[in-house]
Amino acid sequence: MFKMIEIKGRSARRPLWLPALFITLLLSAPVAGAEGAFTTVPEMAPLPDVVAFKAVDRRQLAKDASVAPALEAATRHAESLWPALRRLDLVELSRWHIEPTKGFVLPEEPAFEARVLGREDDGSLHVDLKGPRLPANFDIVHRHLHVIAVVRPGGAVEGVTATIRLRIYE
Amino acid sequence: MMRALRYLAPALLLLPGAASATPFTFSTYDSMVADLQALAAAHPNLTDLYTAQDRFGLPTIPEGGDDLETWILRIANEQMESESKAEILLVGVQHGDEVVSLDVCLEIARLLLENHASATPNPWLKTLVDRREIYIMPMANPWGHRRGVRGSPGAEGTEDMNRDHLYDRCDGGGFCGDDEALSTVGAQAIHELARRHNFRVMLDYHGGIELIIHPWGSPLHFSDTESPDDRGHDLLGQRMSDYGGNFNGAYPVGTSNDLLGPVNSPLDDTAYATGWDPANAATEAAEVPGWRALSYTVEISNQKRPPVSTLGGDADLLTPGGSEDGYVPKNVRIGLAAIDSIEPWIEWTNRDAIPTSVAVGDTITLEWSVRGCFQVDETRVRFGAAANPLTTFDDQTAAQQQTTGDPCWLTPRVFTADVTFQNAGQIFVTPVAQVDNTLLMQNSPDPNVAPAAWLARSRTENGLLITNTVDPNETSTIVGRTFWGAAPLEISVGDGVIFADGFESGGTTAWTITVP
């Protein structure tokens with residue numbers, strides 16, 4: 001398993017963390033072991049291949065009977081990954097507020113807030129599990145660990161991605 | 001809240017040293033409308049007050065039995081002719097609960113208008129009104145303000161207006177608060193203004209933290225946060241922070257991405273980049289080629305509704321650390337710094353001492369200042385028989401410059417030149433200046449393109465940059481200039497002797513009268 005990193009490359013100058021990240025990726029071991037596998041995406045980098053409906057359609061989709069069991073299955077799966085998720089290098093995954101992130105450890109017990117994002121034609125559901133809040137320099141900055149997953153018809157959970165999403169409530 | 005007394009006694013206006021010690025309080029939607037209408041009524045020649053609903057046909061927002069509207073105040077002196085006055089946009093209360101921004105916007109309007117009408121006006125503030133078109137939208141989100149909430153009604157429920165603009169729409173992951181661009185009435189109103197105008201600077205006042213932040217602030221540019229106009233953004237940002245002063249500490253200045261982190265489709269990135277990078281904006285970007293403003297989100301106070309005791313008063317508005325300093329005076333000064341900086345101009349500083357008639361061989365001293373800029377790359381006096389010596393001149397003095405310090409701002413440097421006229425005749429004289437080539441400095445801009453903001457281009461390029469005719473009653477045009485001049489003085493140079501009464505004696509022109 002490898003880490004899937006997608007970075008917008010629009011600048012003539014590359015930040016210093018890019019080569020460091022590349023070396024890290026070359027040397028890194030798979031993120032998860034027997035519990036399962038997941039990829040990581042840097043904080044706020046685009047999430048590839050995620051099917052995300054518009055808000056109004058998400059709200060409608062959330063009423064579908066298939067959603068609740070899918071959210072439950074995804075949550076259970078993410079909880080099973082929790083030991084591996086806790087071993088994530090959050091600083092490496094972060095692009096902002098790195099200093100306060102240093103030394104931060106995810107809580108022992110998982111806690112996710114699940115919501116459905118969208119649905120593929122075959123009925124597969126893409127779900128977002130919002131995990132614990134991460135440190136930031138300012139109170140108005142809300143950063144959370146997120147786990148994105150695809151729940152296939154029948155309940156299999158695939159395509160698990162861990163990332164950090166940041167929102168500012170100024 | 002502004003009090004009626006202010007309108008009844010504009011002569012009492014609070015200029016430096018004219019303390020009246022009136023503390024600020026929080027305005028409401030109703031008091032804002034009353035204040036704006038009172039200002040417009042008291043200053044009809046300087047104002048145009050309207051709502052986005054009336055002017056642009058946008059819907060009202062029903063709330064509590066009222067139909068709330070988006071009010072816009074335009075301040076300009078139409079009696080001052082200009083081929084294209086520089087335009088600036090000030091926005092308050094995009095987030096309804098960040099109420100402190102409203103009173104900053106209202107106070108800027110009141111200060112400028114009442115000063116202009118004063119019998120003893122502050123000349124700098126008066127000049128700003130005469131030379132600018134200032135658009136103020138003090139409450140972009142009246143629904144949120146009345147309810148005391150952040151959001152505004154949108155197409156899909158309650159939306160965050162400052163994620164509802166055009167640039168870098170959320171394109172995956174469902175992590176945006178709003179999926180439709182311009183779904184809120186306030187964002188639509190700002191968009192309609194942008195369709196009609198070419199703002200050089202946009203200030204968007206907020207609350208909840210204390211910072212001045214500028215592009216980039218969107219995830220699109222998260223790996224390298226330097227915009228093509230980072231130099232200009234930083235120069236003006238630092239000037240605003242400095243003039244704001246140290247009340248509760250000076251505001252740090254930087255990019256949103258550096259200081260906070262990114263958000264999709266904020267107003268500052270939209271106002272800066274939509275006009276020149278429409279490929280990364282919503283389809284409505286085609287309607288706003290003029291969105292190339294240096295843009296700032298000014299975060300006024302750590303509390304969205306700070307204690308009234310911290311708002312300050314109007315006794316000494318223009319002085320950082322003045323006797324009634326607070327969040328409102330601090331941010332009024334920030335607004336004034338932006339208004340000042342959007343376009344250069346040159347002022348004679350010894351005009352009254354310059355004779356209108358001299359004799360050949362006489363030497364006169366000319367003094368002038370260059371304003372509205374950051375650096376003076378070159379300035380000198382040009383003169384000759386042509387009526388516009390800025391471009392057509394017979395002679396000029398040696399070039400001077402000041403590219404360090406702050407020669408154009410607050411206490412501007414006075415440049416001096418001695419001129420001796422060698423030939424008789426009517427001579428036209430003006431100081432000229434080339435300014436702010438520093439705005440072209442770049443390190444690693446993302447994307448790697450030249451500075452794109454009107455503020456930089458209008459003082460480093462020559463010729464027509466844009467003409468906007470969306471509003472048939474008011475064409476908005478930007479003409480770039482690499483040399484700026486003052487209104488020329490006409491001096492009669494005779495080859496005889498000039499007496500104190502203006503009569504000339506002797507020489508070949510015999511007796512002539514020079515009109516003072």
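How many of the residues of helix H11(B) are buried? Keep that question in mind as we walk through this predicted model. The answer is 15 of 15, so H11(B) is mostly covered, where buried means that 20 or more other C-beta atoms lie within 10 Å of a residue's own.

Let's check the length of this helix too. H11 of chain B runs over residues 327–341, and at 1.5 Å a residue its 15 residues should span 21 Å. The C-alpha atoms at its ends are 21 Å apart, which agrees.

Now look at a neighbour of H11(B). Helix H8 of chain B, residues 230–244, has an axis that comes within 8 Å of the axis of H11(B), and the two cross at roughly 145°. The crossing of H8(B) past H11(B) is right-handed. On the H8(B) side, the contact includes Leu236(B), Met240(B) and Tyr243(B), while H11(B) contributes residues including Ile334(B), Ala337(B) and Ala338(B). The residues of this contact divide into 6 nonpolar, 3 polar and 3 charged.

Next, turn to the sheet. In chain B, 8 strands form an open sheet with mixed pairing, in the order S1-S4-S6-S5-S9-S12-S10-S11. At its edges are S1 (47–51) and S11 (253–255) of chain B, each pairing on one side only. On average, neighbouring strands of this sheet are turned by 20° against each other, direction ignored. Helix H2 of chain B (residues 29–42) packs on the sheet, where it touches S1 and S4 (71–75) of chain B, and its direction makes about 145° with that of S1(B).

Finally, pick out one pair of strands. S9 (residues 199–206) and S12 (residues 294–299) of chain B run parallel, joined by 6 bridges. Asp204(B) has Thr297(B) as its bridge partner in S12(B).

Key. Residues numbered from 1 in each chain as written. Chains lettered and ligands numbered in written order. Predicted model: local features only at pLDDT ≥ 70, side-chain atom pairs only at ≥ 80, totals over all residues. Helix = DSSP H or I, 4+ residues; strand = E, 2+ residues; numbered from the N terminus. Expected span 1.5 Å × (residues − 1). Buried ≥ 20, exposed ≤ 12 C-beta atoms within 10 Å, placed from the backbone. Pairing = 2+ DSSP bridges. Axes fitted to C-alpha atoms, helices over the stretch in contact; angles between N-to-C directions. Contact = placed C-beta atoms within 7 Å. Left-handed = near helix turned anticlockwise from the far one by under 90°. Nonpolar A, V, L, I, M, F, W, Y, C, P; charged D, E, K, R; others polar.
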